Amino acid sequence: MNQPPYPPHQDPPQQQAALPTCWWHPNRQTGLRCTRCERPACPDCLRDASVGYHCIDCVQAGRQQQRAQQGQYRRAGFGARTAAGAHPISKPLVTPVLIAINVLVFILTAAQAQDPMNNGASDLHQDGVLWPIGIVSGDEWWRLISSGFLHFGLLHVAMNMFALWILGRDLEMLLGRLRFTGLYFVSLLGGSAAVFMFDDIGKATAGASGAIYGLLGGILVAVLKLRLKATPVLFVIGLNAVLTFSIPNISWLGHLGGFVIGALIMVAMLYAPEKNRGVWQGGAVALLAVALIGLVLLRDAQLANATCTVVGNQLVCTS
């Protein structure tokens, strides 16, 4: 016989092992797994990762961990910064708030005077303008700041608020809100101090021009430091200088004082050492503010014995 009486022994075929089911869909079999937690998952529950796939739970946990690490990183003082060391902001906030305050004050003075072109006749306006005699004789020190939120007529406030919007937006984005606020108010004080120290003590002045010229000085320093095109800024500065000295009744001392202080503050903001930069910047701003207050107090002591006489329709005072 050519064939054996019995067929050769053969092992029974092994049954294919059953695939595991998805962790989130027990009715679905899958051969895929999360490369992070090793749990089986169907394609609907997996997401592409840098290495393999991650399940939806691991993706969510990773995002939460990343947000927590970023928060710790920012609280420690690190993260994305501008050239001045500030955290980037999406849109300006301080600039529109300052504009709103100036416009609101103008509306109140115009309503009191019942004339938007002669709002200087209102009590609020007269009690807040920079009048050195009121500071010396009545200790009305608030005039140094309140005068920066008062304006003579509709055109005055409109021009200043337009300039504040144009200059303030860019500087606030560069400096951040806190640094920008410091620049604005110390520049305002610088303009008021210059008027108080060197101008006629019987003359009343008002306007946000001192603070705005501080922003202009800051823009000039920023352009030079960051090596941007300086021609447009120099043109604007030259144009404002011409207007300052050609239009009567404009306080060029307030403009100059604000411009110088704003430029000095921006130098401190952009040239401060990276290590402990915030301390250097804050110290420089505080030092300038204290110096201005000291000069104002010195001038106040000098004017304590001033003699005022009426000449024509003007009050002339001599110390």
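This is a predicted model: local features need pLDDT of at least 70, side-chain atom pairs count only at pLDDT 80 or more; totals for chains, interfaces and linings use all residues.
Student: Are helices α10 and α11 roughly parallel or roughly antiparallel to each other?
Tutor: Helix α10 covers residues 252–271 and helix α11 covers residues 277–302, and the two pack with their axes 8 Å apart at an angle of about 155 degrees. Angles over 145 degrees count as roughly antiparallel. The two helices, α10 and α11, are therefore roughly antiparallel.

Student: Which residues of α11 are met by α10, and how do the residues of this contact divide by type?
Tutor: From α10, the contact draws on Ile261, Leu264, Ile265, Ala268 and Met269, and these meet Gln281, Ala284, Val285, Leu288 and Leu292 in α11. By type, the residues of this contact of α10 with α11 divide into 9 nonpolar, 1 polar and no charged.

Student: What is the handedness of the crossing of α7 and α10, and at what angle do they cross?
Tutor: Helix α7, residues 177–198, has an axis that comes within 7 Å of the axis of α10. The crossing of this pair is right-handed, and the angle is roughly 145 degrees.

Student: How do the residues in the contact of α7 with α10 divide into nonpolar, polar and charged?
Tutor: On the α7 side the contact includes Arg179, Gly182, Gly190 and Gly191, while on the α10 side it includes Gly254, Gly257, Gly258 and Gly262. Gly is counted among the polar residues in this division. The residues of the contact of α7 with α10 comprise 10 nonpolar, 8 polar and 1 charged.

Student: What span should helix α8 have, and how many of its residues are buried?
Tutor: Helix α8 runs over residues 209–225, and at 1.5 Å a residue its 17 residues should span 24 Å, which agrees with the 24 Å between its end C-alpha atoms. The helix is mostly covered, and the number of its 17 residues that are buried is 15.

Student: Which residue just after α8 takes a positive phi?
Tutor: The phi in question is about 60 degrees, and the residue that takes it, just after α8, is Arg227.

Student: Is Ser251 buried or exposed, and which residues does it touch?
Tutor: Ser251 lies in the loop between α9 and α10. Its relative accessible area is 16%, and a value under 20% counts as buried, so Ser251 is buried. Not counting residues up to four places away in sequence, Ser251 touches Val195, Asp199 and Thr205.

Student: Where is Asn119, and what is its relative accessibility?
Tutor: Asn119 is placed in the loop between α2 and α3. Leaving aside neighbours within four places in sequence, its contacts include Phe106, His125, His151 and Phe152. Asn119 counts as buried, with a relative accessibility of 1%.

Methods. Residues are numbered from 1 along each chain as its sequence is written. Side-chain values use heavy atoms; hydrogens and water are left out. Axes are lines fitted to C-alpha atoms, for helices over the stretch in contact, and angles run from 0 to 180 degrees between N-to-C directions. Helices (H or I, at least four residues) and strands (E, at least two) are DSSP runs, numbered from the N terminus. Angles under 35 degrees count as roughly parallel, over 145 as roughly antiparallel, 65 to 115 as roughly perpendicular and the rest as oblique. Contact means heavy atoms within 4.5 Å. The expected span of a helix is 1.5 Å times one less than its number of residues. Buried means under 20% relative accessible area, exposed over 50%, partly exposed in between (1.4 Å probe, protein chains only). A crossing is left-handed if the near helix is turned anticlockwise from the far one by less than a right angle, and right-handed if clockwise.
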